[in-house]
Amino acid sequence: MISKASSNASCNLPGFHFKMLIDLNRQRLKYYLDLIIVLTKKEIKVRYKNSMLGYAWSIANPLLYALIFYFVFKIIMRFQIKDYSLFLISGLFPWQWVNNSIMGSAVSFIGNVSLIKKVRFPRLFLPLSQVLNDAFHFLASIPVIIIFLLFYDKYPSITWLYGIPLLIIPTFLVVYGFSLAVSSVNLFFRDLQYLIALLLTILFYLTPIFYTVKFVPEKYRYLIYINPFTPLITNWRSLFMRNIFNWDKYLLSLAYGLFVFIIGYLIYNKLKDRFAEMI
Amino acid sequence: MSEPVIIVDHVSKFFSLHYASGIKELLFHLPTYIKEAKRKRFFALNDISFKIEKGESFGIIGPNGAGKSTILGLIAGVLKPNSGKVTTKGRIAPLLELGAGFHPELTGRENIILNAIILGMTKNEAQSKMDRIIDFSELKDFIDQPIRTYSSGMIARLGFSVAVHVEPEILLIDEILAVGDTKFQEKCINKMMSFKKMGVTIIFVTHSRDQIEKICERVIVIEKSRIQKIEKIGKKI
């Protein structure tokens, strides 16, 4: 009994300090969370306030692309892909998230010059708010996919309930990794902004969005598979179209996601101390 | 004597000029590019040392490009010195320039939350201080309008109101008081006086001698990246 009490007492002091540390971290964590929420809300609000058709616009863009590809590849080129319009939008909607976030993050830092020059706060939350904003829009566009499904006499299944949250993770990691790298490097080489638009176009065509992997000749397939977006987009599509969640692809995309995120973070981390002098 | 809250110890800072010129330059002229970048170093601060004590009002004065704002950047922690060390103690709030961190499409109220949190408040803190911030800014009728409809004086008032309600221990002011009408400027100066009474350390950068003399006890004169002199200002207040 006594020994227990004494051991308790001896633990008390460091235990107390440890608790203080946890409290301090919790406070900090709470603050970071507030900051992320406020910045993201701002992005979302601004997007809706700017135009009355905010939501419609963010849906219209991928739908228009779908229409063009449908016309070119289904009607002119006679692609043999079943339910082609559904096939297109279930790849184009997630791609919209990827594309908008990476493009948008190019100006995450450059667009906030005076904050970066004067205030010390975790700058990596600026591109983060951009990525979360687009993630929100992607989720908000899922009902449109459901409408298309119903049109083809298909229905979402219970798989979606875990498939969507699980797939969000690697998508977020890849996108945020790229965004961190692009937003940071763009401060040092402003040309990157234009290069990125080009690069994203190339990536778009190298990702099986309007074609399937099977179309690709065997000897070029590696090109499609070294693209971190391939397992992601194809998995999103099989989930939306056929209610199938592919674990092999998932683990591959998760590995890509972690890899890209770590590289992006390292680039940000290396450059972040010189942000204020570059602007 | 109270303890120093800011110690600037043999700090030098230089900037490489022409860094952000583009990939074309970099790719086609790589060797000259690196040589140029090294040669074109520009010393913003050259071996600067001073200490600021708790509760002191400290002025930094000097011509354009002398390195005043660089000192503020170093104290705020957004710049890293190339040599030497800057140590600070306590919550730092910078007064931002006109409309920095604000978004024109958001209302005054939404911008207060945004700005307050970026400056270090939690959301609860910001919301509980909301009324006081709005009061101080004198923008009652406009506070729910998007701030793109505000005049520049109104935006300045809003910015100042948020910054002073962060309850900083160290307040950084960079040529801010030039905006707003005389009445509001008076109010700002009064607010700073009351900060001084509460023991807030104030660092004030300007090239207007008048304002420095109104507020500060000590002032350093920076010229050509070095401290020319440190003056004590007579008890005028």
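**Helix packing in chain A**

Modeller: H3(A) and H6(A) are roughly parallel to each other, because their crossing angle falls under 35 degrees. The axes of these two helices cross at roughly 20° and come within 8 Å. Their crossing is right-handed. On the H3(A) side, the contact is made by A:Pro94, A:Trp97, A:Val98, A:Ser101, A:Ile102 and A:Ser105. On the H6(A) side, A:Thr171, A:Val175, A:Phe178, A:Ser179, A:Val182 and A:Ser183 take part. Keep in mind that this is a predicted model.

Now turn to another partner of H3(A). Helix H3 of chain A covers residues 84-105, and helix H9 of chain A covers residues 229-242. Their axes come within 9 Å and cross at roughly 135°. H3(A) and H9(A) are therefore oblique to each other. This crossing, too, is right-handed. From H3(A), the residues that meet H9(A) are A:Leu86, A:Phe87, A:Ser90, A:Gly91, A:Pro94, A:Trp95 and A:Val98. From H9(A) come A:Phe229, A:Ile233, A:Trp236, A:Arg237, A:Phe240 and A:Met241.

Next, a residue from helix H5. A:Val131 lies in this helix, which spans residues 125-151 of chain A. Is A:Val131 buried or exposed? A:Val131 has 28 other C-beta atoms within 10 Å, and 20 or more is the mark of a buried residue, so A:Val131 is buried. Leaving out residues up to four places away in sequence, A:Val131 touches A:Ser101, A:Phe172, A:Val175, A:Tyr176 and A:Ser179. A:Val131 and A:Leu21 are 110 residues apart in sequence. In space, 31 Å separate them, C-alpha to C-alpha.

Step back to the nonpolar core. The largest one has 125 residues. Helix H6 of chain A, residues 159-188, gives the largest share of this core, eleven residues. The core also draws at least three residues from each of domain 1 (1-50) and domain 2 (52-278) of chain A. Which residues have the most contacts inside the core? They are B:Leu172, B:Ile202 and B:Ile203. Take B:Ile202. Aside from neighbours within four places in sequence, B:Ile202 is in contact with B:Ser57, B:Phe58, B:Leu171, B:Ile173, B:Met192, B:Phe195, B:Lys196 and B:Ile215.

The two domains of chain A come next. Their centres, taken over C-alpha atoms, are separated by 32 Å. Ten residues from domain 1 and eleven residues from domain 2 make the contact between them.

Finally, the neighbouring chain. Chain A puts 26 residues in contact with 27 residues of chain B. On the chain A side, helix H1 (2-50), helix H4 (113-118) and helix H11 (275-278) each supply at least two residues. H1(A) provides the largest share of that side, ten residues. Chain B itself has eight helices and nine strands. Of its 237 residues, 41% are buried. Among contacts in chain B with a separation of 6 or more, 75% join residues 24 or more positions apart.

Technical notes: Residues are numbered from 1 along each chain as its sequence is written. Chains are lettered from A and ligands numbered from 1 in the order in which they are written. This is a predicted model: local features need pLDDT of at least 70, side-chain atom pairs count only at pLDDT 80 or more; totals for chains, interfaces and linings use all residues. A nonpolar core is a set of buried Ala, Val, Leu, Ile, Met, Phe, Trp, Tyr and Cys residues joined through C-beta atoms within 7 Å. A residue is buried if 20 or more other C-beta atoms lie within 10 Å of its own, exposed if 12 or fewer, and partly exposed in between; C-beta atoms are placed from the backbone. Helices (H or I, at least four residues) and strands (E, at least two) are DSSP runs, numbered from the N terminus. Domain bounds come from an automatic or database domain assignment. Two residues are in contact if their C-beta atoms, placed from the backbone, lie within 7 Å. Axes are lines fitted to C-alpha atoms, for helices over the stretch in contact, and angles run from 0 to 180 degrees between N-to-C directions. Angles under 35 degrees count as roughly parallel, over 145 as roughly antiparallel, 65 to 115 as roughly perpendicular and the rest as oblique. A crossing is left-handed if the near helix is turned anticlockwise from the far one by less than a right angle, and right-handed if clockwise.
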